[in-house]
Number of protein chains: 4
Amino acid sequence: MTLMTPEQYMESIKKDINLYMFGEKIKEFWNHPIIIPTINSTKKSYELAQNPEHQDLMLVKSHITGETINRFCHIHHSIEDLIKKVQMQRLMGQNTGCCFARCPGMDAANSLYSVTYDIDKKYGSNYHERFKKYWTEVQQQDLCVDGAMTDPKGDRSKRPKEQTDPDLFLHIIEENNDGIVVRGAKIHQTGFLNSHRVLVMPTITMRPGEEEYAVCFGIDTNAKGLTLIYGRQPCDTRKLEETKLDVGNPKYGMHEIFVIFEDVFIPNENIFMKGEIDYSGEIVQRFAGFHRQSYGGCKSGVGDTLIGATALIAEYNGIERASHVRDKLVEMIHLNETLYSCGIACSALGFQREAGNYEEEMLLANVCKLNVTRFPYDIARLAEDIAGGIIMTLPSAADFQSDEIGPLLKKYLATCEGMSVEERYKVLRFIENLTYGQTGVSFKGESLHGAGSPQAQRIMIARQANFNNKKDYVKKILDIE
Amino acid sequence: MTLMTPEQYMESIKKDINLYMFGEKIKEFWNHPIIIPTINSTKKSYELAQNPEHQDLMLVKSHITGETINRFCHIHHSIEDLIKKVQMQRLMGQNTGCCFARCPGMDAANSLYSVTYDIDKKYGSNYHERFKKYWTEVQQQDLCVDGAMTDPKGDRSKRPKEQTDPDLFLHIIEENNDGIVVRGAKIHQTGFLNSHRVLVMPTITMRPGEEEYAVCFGIDTNAKGLTLIYGRQPCDTRKLEETKLDVGNPKYGMHEIFVIFEDVFIPNENIFMKGEIDYSGEIVQRFAGFHRQSYGGCKSGVGDTLIGATALIAEYNGIERASHVRDKLVEMIHLNETLYSCGIACSALGFQREAGNYEEEMLLANVCKLNVTRFPYDIARLAEDIAGGIIMTLPSAADFQSDEIGPLLKKYLATCEGMSVEERYKVLRFIENLTYGQTGVSFKGESLHGAGSPQAQRIMIARQANFNNKKDYVKKILDIE
Amino acid sequence: MTLMTPEQYMESIKKDINLYMFGEKIKEFWNHPIIIPTINSTKKSYELAQNPEHQDLMLVKSHITGETINRFCHIHHSIEDLIKKVQMQRLMGQNTGCCFARCPGMDAANSLYSVTYDIDKKYGSNYHERFKKYWTEVQQQDLCVDGAMTDPKGDRSKRPKEQTDPDLFLHIIEENNDGIVVRGAKIHQTGFLNSHRVLVMPTITMRPGEEEYAVCFGIDTNAKGLTLIYGRQPCDTRKLEETKLDVGNPKYGMHEIFVIFEDVFIPNENIFMKGEIDYSGEIVQRFAGFHRQSYGGCKSGVGDTLIGATALIAEYNGIERASHVRDKLVEMIHLNETLYSCGIACSALGFQREAGNYEEEMLLANVCKLNVTRFPYDIARLAEDIAGGIIMTLPSAADFQSDEIGPLLKKYLATCEGMSVEERYKVLRFIENLTYGQTGVSFKGESLHGAGSPQAQRIMIARQANFNNKKDYVKKILDIE
Amino acid sequence: MTLMTPEQYMESIKKDINLYMFGEKIKEFWNHPIIIPTINSTKKSYELAQNPEHQDLMLVKSHITGETINRFCHIHHSIEDLIKKVQMQRLMGQNTGCCFARCPGMDAANSLYSVTYDIDKKYGSNYHERFKKYWTEVQQQDLCVDGAMTDPKGDRSKRPKEQTDPDLFLHIIEENNDGIVVRGAKIHQTGFLNSHRVLVMPTITMRPGEEEYAVCFGIDTNAKGLTLIYGRQPCDTRKLEETKLDVGNPKYGMHEIFVIFEDVFIPNENIFMKGEIDYSGEIVQRFAGFHRQSYGGCKSGVGDTLIGATALIAEYNGIERASHVRDKLVEMIHLNETLYSCGIACSALGFQREAGNYEEEMLLANVCKLNVTRFPYDIARLAEDIAGGIIMTLPSAADFQSDEIGPLLKKYLATCEGMSVEERYKVLRFIENLTYGQTGVSFKGESLHGAGSPQAQRIMIARQANFNNKKDYVKKILDIE
């Protein structure tokens, strides 16, 4: 079986894990009302894969096994693959209105596929075959995999070993013939609970003397020694309320986990880098490159839902044809499609690595992500503008549905003839959620910091931009030198 | 007594009102944990007035009684008054980190003061004296007054009487010798519960045939016939949680009330306009003008706290001197001070009305507010940028304080030597709150829509800008005509 | 011969034309110092085609004749063709630092190729074969072709026939068995003098009753009845000065011609539309689509030279590593690559027309152009910022080279040790030229208005954006309807 | 006589100076067609002072002599003075459509007035009285004074004495009982030829060991040892053409002079600082502060003419009421008035120096100027947008006026009924000039770099912003420490 049904997926994640939320240990997280919608988002990737209408995007033939697999498990092997990856992500965003968290593992795998090859070539190691075997299992079992990169980092002005606590960057604390023992933490782990496995990578380029920090491995999300703490999100507890109307997006969402590694043993067969500091940066950059490409797809997909909701509210309020409203909707489209364009462009100009897989064009992937750190904020502001102050002042669903006060509220929330007040209520909450609530964090905050904060992209752009070439164009025109 | 102490103020608002929240009737709202911080914000205006250090801004001599009053009760009578008003608002914003809701009534009173004068002059009515008497009571009792303008408005493409339900704009439904009866609703009522009285104004310029909608009056906030419904805000229920750490700003906040007028009787002495449609637009414009001026003060005050919190986080993370962080902090200051500059400028160029009071320069007040609809969003994005992804993924205070999981979390949230992890936690929540939480709604959403949405300012700017003058400058230079 | 050498091209344009400049009739325009650099720009397309290093981009096999042709004469027949078109344009921009004007005819031909096919299909006419024959000659002779669209348009609030003068839109004024006679004007004709032929198209969608305005044809640029008036550009007469140092870009430039059609006869074989009003808009849109795609290439190419010049000046001034300079250079790259990304993306997602040729994705092409109307202005401002006030205050080349005053000037224009003052002078003039001079018009003004002003793109974006689809995503998530 | 008439002013500047332009020595510069319009701009300050309608702004009573003087000669002595200064500058901008260059000396004098006082207080020197005497002459003779600050600076990464050539910063090379001899250059000297005198100041804060560079003095603009080289501007030579129609702004303009000091003797009575390095930075900062305030006035005045011209073109083209045109005009107003607001605000919050004079608020003055480095560019882009491509492609005035070709051109440049084609022509050239021509340099480039480039303002903003205060607000709210 290389494709799980949504139902099989749901069963597959029911594992005993060491998870805390609100200071309490959580049992059967898959039944927790705060967590359920976040699982639904990832589940959507299994659902759409069953839908013939979307299989052109969702399915692909594995270059390893030749079997048809979910594209989220694929090692891209053509320009077309790279483009369809982005389009699949946009489709997922359109169907969930939020992050769906199946990309980090895909992007990590595509990075590791070529980096392990390159390490082996230089050092004669055997990481690539090891990783290929590991990933073949992922493809054959249609697993969801997380990619874990961000360490807590402590004092940002200091190197890992200069920290007061050496564990502020994850590192090897012990080693024997069978494997290694690691300690540290990986934070901001989007969709960790929805994943079967996680690929753990270093967070920065390591330097000589920091070999114990240059470590990369695969591990199950329920591995012994892991402690998971569920991150809060704005309005999270609305999901615990009786009615789900105020959740905004009652079906989908995403979570972030703070993952602590307390002396976790990693067997040799799951280790994909151990001390090769000269390749630690390569893992980071290639992963970041793929992940920055991803954002051109997923965020424009979520953008589509916010634009749709805004257009709906304009329609409900009778202002859809007002010139200034029309103009703002056009601006939202323009910004959103610019994001998508950058995702497509870095794919279309991708190239083949020596390992055989295809990688997006690095400069444009960084340009893509840098736009993603800006435009969703503008799109969100325009949505708030058109939707009106009511998204910030709307009484609760309990008021709306109360026998006593509900009718009065509905009387005064009515707009155009024939409009449903309840639908207007729902769409307003959807917009509130995407601007100030849970999915807003996903649409804005994650756009800002996911796959690296803006400054990380600027540094990469500076490196990739060939200023000397540009100087040469001018010198040639001006007969200089 | 023309100055209440904070304690007297607290006593003074304990009145029986018809308030609903989460579908339930609320008794003793002043004890409700969701509401308390919002009362604190208004209370701060009484508190600072007692502080000699701030009395130059907070106190002023009444032009009516000659007594020293809180500036929030003042009818401005000089340029200096106008400037100090803005500075008082900035001070309040700096001390609360959110909206404090004592401005709408002040701004409404300053509008009505001159409009009633002008109506009387044209129609020989007696509104001005009536209003002066009403407002003298406010000054003498140091009352907090709300200003209520926004109607639900239904289908925005239709006039009040064309609506399916004529009550979608508040109007007179009955009239007798003693007064009038009104029906309708006023929404987005910021700080209504903290106010003793409310000045109710029309929401748009009324036209012939719409006289019943051209109505303006004063009323107590606990008047018979009023139904109040408390508006939801992101993260509101965090205030119900055991620990207040996750509230972000545990001391201050602001609420929005949906106020319904069911056949409310208004005695003649509290009526300040009744059918004078040609002055309905004047009330709106002058109120909006004063209120748009206000935003140059209050929002830059809140901006100061967000900039401060961001600088603190940068310090905690060891990156305060990084050039890109420094540059972003400078940009935040620049934007924030531009807002303030516009508030000061429209004050400095104010003028005297025939009634004797001073009004800000209208064009620049609209320019001020239009900047306020933009820059807080940019400031907030920069804050999120510097603060990092952790503001979106931080586990709960319950986790942070749990015996079991807390120590682990604290270990990995530590940054620079000597920094307090708990303080870092607090500041991160403060920033989260100002960007995605309750005060974020106040800093961003209210900046966008309060005192009119951006398009309202654009319309006023178009009207105030003298294009013909500008054309004439060019014609003169070019010898045209 | 399907490829002309640069020398053959130079000979080929030496034709008797009816051209005026500064009120004088110009003979042998190819020897005029103001015009020479503008011819050089187009000539570069012949030059690069001879260079093996660039032939992958510059050459392609004709789908009509199977012969190798210059890509500027190509009817695109694959996604790869569309992408390489954009890359060829970037290459040209990098090599000229300005507009090179061989795109309009290419873009017009690609529009007409499919529109004539569609007209024939509906009306049984024979335009497509006629056009194919016409274009085969272009390919076989390696001609440069202009595309002429913009009419003077008179009072923009009126339709063609409502104008005081019906000639303000070009129209058919006579018709017989052999052909038609047209009258009117086409303005903003970039590179008209460098072109052998011109494809004339309608400027807007025509309506019933406006058939005489729905006309499209090919004509030689030296046809009888044409009057050409050379457009002024800032600093144009610097090219008449003794030294060329102040020209900024002494080798390349571009011109704009005001072309008047006084009763010009068009034989039937060169007519590609005559009265088919329902396809007049199609010609406009498809041409505009191709041309908006083009701008993603050419303008980012010019952008490269401006970035290069700015980096050079920073180097000359010893500030290339200053953090704020570095940051601005990165921003310039970011904006420039965003333009390119949009050009690539609309190409990568192109589609095949029924006629067999490939067309770019229309929505993204408009998004591309809308960014082009903004970012070059930002890039130019950043260039001015880094280059410093000296680009506006630099004395003339005559001063610089004078025996008397030159040495003093050079003494004080010296910067870092080892830098050549003369090179600094040249690069400063190059930047001045791209921001305030001739090529600035090409980099900024043409970016703004070429292929349609911003509002034209906004209208197309509104049409192409499927708001209903976006509403449906939300409805599905919210179970609406 | 404390007020010169315009005619007297014209006579007063006819002095023998050592000026070069285009490599030639210029005699009687006041008759040179390139220079005349630039003199007109300054002359306007004498003209408006004679106009009763404007004397409230243009005239003021000297605090030294008690006589009525031109405000450009005033040492500001109240908040009202500071505000009226900005309003006078806006008036001048509206009347000239460009820079008028009488501000630098006014701003320098207001800086020196208090700095000399402070130096004397610390060192017991006598600079203040000396300066007061010097400036009393200026007031009594109604002189125009330049303020010269910018040195060539060579390698920006090095200090003055580290330069290959020590003269790249102006310095004292000799000293005796009667005075000093200086060598160096001051560049970007706006309006130098229109000025009778110039106040020369250091360009940066000097450090110990750099005393010879910490020098400040007054000098006549025709002093012995000065060599002046006239800076080129885009389209400068259009003023030499037969018709003045293509100049754009045929009456007004401004020049920039490269001024070289070859061993110039300065008598003691004109020296206002000599080696007091600890006050060199104060001169720079206070001058820059006043000058950054100025830009809020003059540039918004020029902005008014560009907005007026754009509105005129929209009217001529029949699109003034189109919603997108209206919206862009509103945006132009908004940006322009934001500039003005900042100029007014820093004035309204000014303070008194110990010397008795008033100075603007420094933080807001820097905020003002930083906005000035941005918004004129946006305003200019919007002007180009509305005006259309024709501003870049319009044939020459010689064509327009030619008997042969003129009528054809006029036929096709006609727009709305009743509009004058010639007026349209003039206004288009006016806009071209303000975006790409001479006055464009003044509206954009000078806005960017005059009174210091953007980074200079950012550094000052960082210094003036009290981050600790802002942190304290947050700490107080969060009970930190």
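**Note on salt bridges in this predicted model**

1. C:K85 is buried, its relative accessible area being 0%, and C:D107 likewise counts as buried, at 0% relative accessibility. The structure under review is a predicted model, and the remarks below should be read with that in mind.

2. C:K85 and C:D107 form a salt bridge in which the closest N and O atoms are 2.8 Å apart. Because C:K85 belongs to helix α4 (residues 79-96) of chain C and C:D107 to helix α5 (residues 103-123) of chain C, the pair ties together parts that are 22 residues apart in sequence.

3. In chain D, the side chains of D:E432 and D:R238 meet in a salt bridge, with 2.9 Å from N to O. D:E432 lies in helix α14 (residues 421-435) of chain D, whereas D:R238 lies in the loop between β10 (226-230) and β11 (256-267) of chain D, so this contact ties together parts that are 194 residues apart in sequence. D:E432 and D:R238 are both buried.

4. Salt bridges that share partners also join A:R232, A:D236, B:R238, B:E241, B:D246, B:R429 and B:E432 into one network.

5. Within chain B, B:R429 forms a salt bridge with B:D246, and the closest N and O atoms of the two are 2.8 Å apart. Since B:R429 sits in helix α14 (residues 421-435) of chain B and B:D246 in the loop between β10 (226-230) and β11 (256-267) of chain B, the pair ties together parts that are 183 residues apart in sequence. B:R429 is buried, as is B:D246.

How values were computed: Residues are numbered from 1 along each chain as its sequence is written. Chains are lettered from A and ligands numbered from 1 in the order in which they are written. This is a predicted model: local features need pLDDT of at least 70, side-chain atom pairs count only at pLDDT 80 or more; totals for chains, interfaces and linings use all residues. Side-chain values use heavy atoms; hydrogens and water are left out. A salt bridge is a side-chain nitrogen of Lys or Arg within 4 Å of a carboxyl oxygen of Asp or Glu. Helices (H or I, at least four residues) and strands (E, at least two) are DSSP runs, numbered from the N terminus. Buried means under 20% relative accessible area, exposed over 50%, partly exposed in between (1.4 Å probe, protein chains only).
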